[in-house]
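Have the coordinates open and follow along.

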Amino acid sequence: MVWSPDTSTELYGIIGHPVAHSLSPAMHNRAFRFSNINAVYLAFDVVDLASAMGGVRSLGIKGLSVTIPHKESIMPFLDEIDSMASRIGAVNTVVNKGNKLVGFNTDWLGAVRALEEVTDLRGKNILVLGAGGSARAVCVGLRDRGASVHVANRTVEKARVLAQLCDGAYSGLDELDDVSNWAEILVNTTSVGMLPDGDRSLVPEALLSRFKVVMDLVYSPIETKLLVDAKNHGCKVISGLKMLLYQAISQFELWTGQSAPVQEMEKVLLDAMT
Ligand code: NAP
């Protein structure tokens, strides 16, 4: 039977500004249909966050994805925040538990799960490029899994602050040669390499053979220059699309308490990107 919404349909959505580019509605709606869950997921372009959060409560919206620029500013509007989201200082997922709004961060889970598909993390030395919002989630997640982190960032002061948060070391981007001898895994969390500048990479090719695993958070293009170079030097590579997929899978699981249809959701992403 073809599904159609009725008076018991539950509402989920993404709030951000802008949200027109988001792949989350397509991914989550496919997951709801595939799992026979009577729910819909919509995109809300939100500028006035306080009013929107009043609406979430009064309309009984069951769950939210939260994206830029609201990942930090949403925190005061929530009733409870999970400990990893508090440490990271950002919420990308809200679960409405009986009108109590609870904040989570699934970005760190997405990154860790993508890496753990190809490598153990405990005891590993990991070089993280970048110290922005996504780097915070990645570094706190890696530390939680027992890895040692070195943060290298263009703005060194931001690297210092993040290194403190994850008990790691830090430097500018000019010390990559030295740090590459220490690390076996490399994670790029900067936006360098993203289209339309797809021919850029922060890492000189000559350093790449030192790493076993290289992950790029950039997913547009799916195969960045960094990943192409790394593959040519024998590294296992992980696209940012995997992190995007796994953070959404964790959201679905938090909202529904069910396992997510991983392959269906991945198909949505691949169809949208190719
Ligand atoms: P952000 O908070 O704005 O941080 C940007 C980072 O990139 C900063 O460390 C910045 O360095 C660095 N950077 C920017 N331009 C640079 C350049 N020309 N040279 C050297 N470093 C440069 O952004 P974000 O939210 O962390 O996102 C970063 C990237 O990750 C974006 O491409 C985003 O699409 C991607 N992302 C992917 C996922 C996923 O699920 N795959 C999730 C989140 C984000 P400074 O501190 O010196 O400015």
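Contact here means heavy atoms within 4.5 Å. Keep in mind that this is a predicted model.

**Starting from Asp107**

Which residues does Asp107 touch, leaving aside those up to four places away in sequence? The list is Lys71, Asn92, Ala137, Met243 and Gln247. Asp107 sits in helix H4, which covers residues 107-116. Since its relative accessibility is 11% and the cut-off for buried is under 20%, Asp107 counts as buried.

Two packed helices are described by the angle between their axes and the distance between the axes. Here's how that works out for H4:

| Pair | Axis angle | Axis distance |
|---|---|---|
| H4 and H9 (residues 240-256) | roughly 125° | within 7 Å |
| H4 and H5 (residues 133-144) | about 60° | 8 Å |

Take H9 to begin with. Its axis and that of H4 cross at roughly 125°. That makes H4 oblique to H9. The crossing of H4 past H9 is right-handed. On the H4 side, the contact uses Asp107, Leu109, Gly110, Ala111, Arg113 and Ala114, and on the H9 side Lys242, Met243, Tyr246, Gln247, Ile249, Ser250 and Glu253. Sorted by class, those residues come to 6 nonpolar, 3 polar and 4 charged.

Now for H5. With an angle of about 60° between the axes, H4 and H5 are oblique to each other, and H4 passes H5 in a right-handed crossing. From H4 you get Asp107, Trp108, Ala111, Val112 and Leu115, which meet Ala137, Val138, Gly141, Leu142 and Asp144 of H5.

**A closer look at H5**

H5 has 12 residues and runs 17 Å from its first C-alpha to its last, close to the 16 Å expected at 1.5 Å a residue. Which of its residues are buried? They are Ala135, Ala137, Val138, Cys139, Val140, Gly141 and Leu142. These buried residues pack against H4, and also against helix H3 (83-88), helix H6 (156-165), and strands E7 (125-129), E8 (148-152) and E10 (185-188). After H5 comes Gly146, with a positive phi near 90°.

Beyond four places in sequence, Ser148 touches Lys124, Asn125, Ile126 and Trp182. Its C-alpha is 7.9 Å from that of Asp167, 19 residues away along the chain.

Asp167 belongs to the loop between H6 and strand E9 (169-171). With a relative accessible area of 57%, Asp167 is exposed.

Most residues other than glycine have a negative phi, and most peptide bonds are trans. Asp167 has a positive phi, near 50°. Asn99 has a positive phi too, near 70°; you'll find Asn99 in the loop between strand E5 (93-97) and strand E6 (100-104), partly exposed at 42% relative accessibility.

As for cis peptides, one joins His17 and Pro18, with omega about 5°. Pro18 is in the loop between strand E1 (10-16) and helix H1 (24-34). Another runs from Ile68 to Pro69, with omega near 10°, and Pro69 lies in the loop between strand E3 (63-66) and strand E4 (80-81).

Notes:
Residues are numbered from 1 along each chain as its sequence is written. This is a predicted model: local features need pLDDT of at least 70, side-chain atom pairs count only at pLDDT 80 or more; totals for chains, interfaces and linings use all residues. Side-chain values use heavy atoms; hydrogens and water are left out. Helices (H or I, at least four residues) and strands (E, at least two) are DSSP runs, numbered from the N terminus. Buried means under 20% relative accessible area, exposed over 50%, partly exposed in between (1.4 Å probe, protein chains only). The expected span of a helix is 1.5 Å times one less than its number of residues. Axes are lines fitted to C-alpha atoms, for helices over the stretch in contact, and angles run from 0 to 180 degrees between N-to-C directions. Angles under 35 degrees count as roughly parallel, over 145 as roughly antiparallel, 65 to 115 as roughly perpendicular and the rest as oblique. A crossing is left-handed if the near helix is turned anticlockwise from the far one by less than a right angle, and right-handed if clockwise. Ala, Val, Leu, Ile, Met, Phe, Trp, Tyr, Cys and Pro count as nonpolar, Asp, Glu, Lys and Arg as charged, and the others, Gly among them, as polar.
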